[in-house]
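Hi,

Here is the structure I promised to pass on. Have a look at it first, and then read on for what turned up.

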Amino acid sequence: MTDRHDDYSLTRVPETARRSWPSVAIQRFGQVSSFQQFIVGALLGYGMPFWQAVLAITIGSVLLEVITVLLGIAGVREGLSTSVLARWAGFGRKGSALVGLLVAVSLAGWFGVQNGVFAHGMHALGGGVPEWVWAVLGGVVITVITVYGFRLMAWTAYLTVPAFLVLAGYSVIDTLSSHELGDLVSTPPPGPPLSLGAATTLVSGAFILGALMTPDMTRFNRTTGDVVKQTLISVTLGEYLIGLIGVLLAHATATSDIVGIITSSSGVLGTLVLATAILKINDWNLYSSSLGLVNVVDVLFGRKVSRVRVVLLLGALGTAASALGIADDFEGFLTAVGVLTPPVAGVLIAEYFVIRTCRPAFDALRAGRQVPGRQRDWAPAALVSWGLGSACGHFLDFGIPTINSVVVAFASYLAACLLLRARRRTPEGTDMVPLIGREELKRAMDEGTVVVVDTMPVDYYAREHLPGARNIPGFPYERAAEFTDEHAPAVVPDKAATIVVYCANTPCRNSEFVGARLIELGYTDVRKYREGIEDWVAAGHATESGHQHPAPPASVPVNHTE
């Protein structure tokens, strides 16, 4: 069962394992049309008039849909979970482990919190059965469902989503039946006023973690059209239908306690609504949490751990926390951690759709090939953007904090990458790689303490190069990073080695691009012989010819005097 139900936790979901649109869409709808949307709607209705609540839900939903659709498209195209997608889409290997850890901690915590809510509701209904028993029962059921993965979770949604809608609909109709709809729409809010900014923050912030985990689900979709359809339908119906009903309930009962409204007014029926609401969303909390932790273990410890075992571990911990009554104590911590979530989406979107340096890696994965080159462990631009987005969302009072975080992370990552790209393309960029002179290089070569890398196209390298030099072509410039990624692991396997790159002469910039990319890949001692082979030959030093090291099969022309 371990391998069978691993659900491609670290690899691309193949086309043969993709699911029909309804099986994914109903789970997405199950995530959005939850008790959380009732609660958000009730909070809005308690503090603002009906039509202002409509405006708040519209603004928050539209922004949420844009983020969700973009991340969902990345998921269906690449077939990878959020944390594995982050390996190449901006964050690097170890950076993706941080993303995976954030997802794992946040969603495992919410699994425990929601399981505690389920236990409390069932205890209120069952009377003599202790609350911890219900917590254990609920946790075990969700854990077993999640162990079996996507297929059983889809069947669970087929059962629980309609049940939730029917039960909730009946309960809501029962509560609203004694009120005129026109009166509820026009009545002033019963509670303290709620600003539009605060209201839109509630709407957009309530599901941002669900938006970030979208690739975990959409990697099982078949087309981008399916992703767009299911997002528009689920978010629109979930936010508007469920949210606006919550607004009306708050106006009708003059309270924002939606759980109390439904469970107290409908008794057994209301409690069943609560149970189905939690059941249909909590399996995804545990599922995505397990995917994040699998990536963390793989990156940091180099071990492929079974998703099933991780689910069992996280399920046991979350169930125990809710059974002991301590899960609610983490809610404040989880809310605080939530400020770190939105900027991750901003970086992923900026890298995948705009910067696109991840394209060669994803192209290779889609073709079933090994990703060229050695992957970076850390991506400073992503980490800095992540930090700036989090700080902005936490400290900036203007606007909507969740959206501020996404936008700031998106813009700062974009600016950093474009600035670095522009620096490489300008003469000023030639100072990025430290220099070495001819005679110092000659001494190091005689002592055998340096690896010399010729960055000329393959035909030029074969015609003449420095003694013992290895070849990583750096022309055309726009492909220098790709060539370096592909050949560096074989040409210079030791990242701690002393490396000197060179090309034809001072105007030739092949060596700058290759050297800069080597530094990005984690090589710690890279220098550039700026004057190149023309200076070497002019000094009377010997050269070699022939193909001594692997290089791309096709040559490309180069202008040494540009």
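Predicted model: local features only at pLDDT ≥ 70, side-chain atom pairs only at ≥ 80, totals over all residues.

You'll find Asp7 in the segment before α1. Why flag these? Most residues other than glycine have a negative phi, and most peptide bonds are trans.

That brings me to the peptide bond from Phe475 to Pro476, which is cis, with omega near 0 degrees. Pro476 sits in the loop that runs between β2 (470-471) and α23 (480-491).

Back to α12 for a moment. This helix covers residues 224-253, which is 30 residues. At 1.5 Å a residue, α12 should span 44 Å, and the C-alpha atoms at its ends are 42 Å apart, so the two values agree.

Now for the helix pairs. Two packed helices are described by the angle between their axes and the distance between the axes.

- α6 (residues 131-147) and α15 (residues 307-323): their axes come within 9 Å and cross at roughly 165 degrees. Angles over 145 degrees count as roughly antiparallel, so that is what α6 and α15 are to each other. α6 passes α15 in a right-handed crossing.
- α1 and α7: the axes come within 9 Å, crossing at roughly 55 degrees. α1 and α7 are therefore oblique to each other, and their crossing is left-handed.
- α23 and α24 (residues 510-520): these pack at an angle of about 55 degrees, with axes 9 Å apart. That makes α23 and α24 oblique to each other, and α23 passes α24 in a right-handed crossing.

Last topic: empty space inside. Rolling a probe the size of a water molecule over the atoms shows where empty space is left. How many cavities of 30 Å³ or more does the count come to? The count is 1. About 40 Å³ of space lies in the largest cavity.

Which elements give two or more residues to the lining of the largest cavity? They are α1 (21-32), α7 (150-176) and α14 (268-301). The largest share of that lining, 4 residues, comes from α7. If you want to pick the lining out on screen, select Ile26, Gln27, Gly30, Met153, Thr156, Ala157, Thr160, Lys280, Asp283 and Trp284. By class, the lining has 4 nonpolar, 4 polar and 2 charged residues.

Cheers

How values were computed
Residues numbered from 1 in each chain as written. Heavy atoms only, no water. Expected span 1.5 Å × (residues − 1). 1 Å grid on protein atoms, 1.4 Å probe; cavity = no way out; pocket = protein on both sides within 12 Å on 5 of 7 lines; lining within 4 Å. Points joined across faces, edges and corners; volume = space filled by probe spheres on them. Nonpolar A, V, L, I, M, F, W, Y, C, P; charged D, E, K, R; others polar. Axes fitted to C-alpha atoms, helices over the stretch in contact; angles between N-to-C directions. Parallel < 35°, antiparallel > 145°, perpendicular 65-115°, else oblique. Left-handed = near helix turned anticlockwise from the far one by under 90°.
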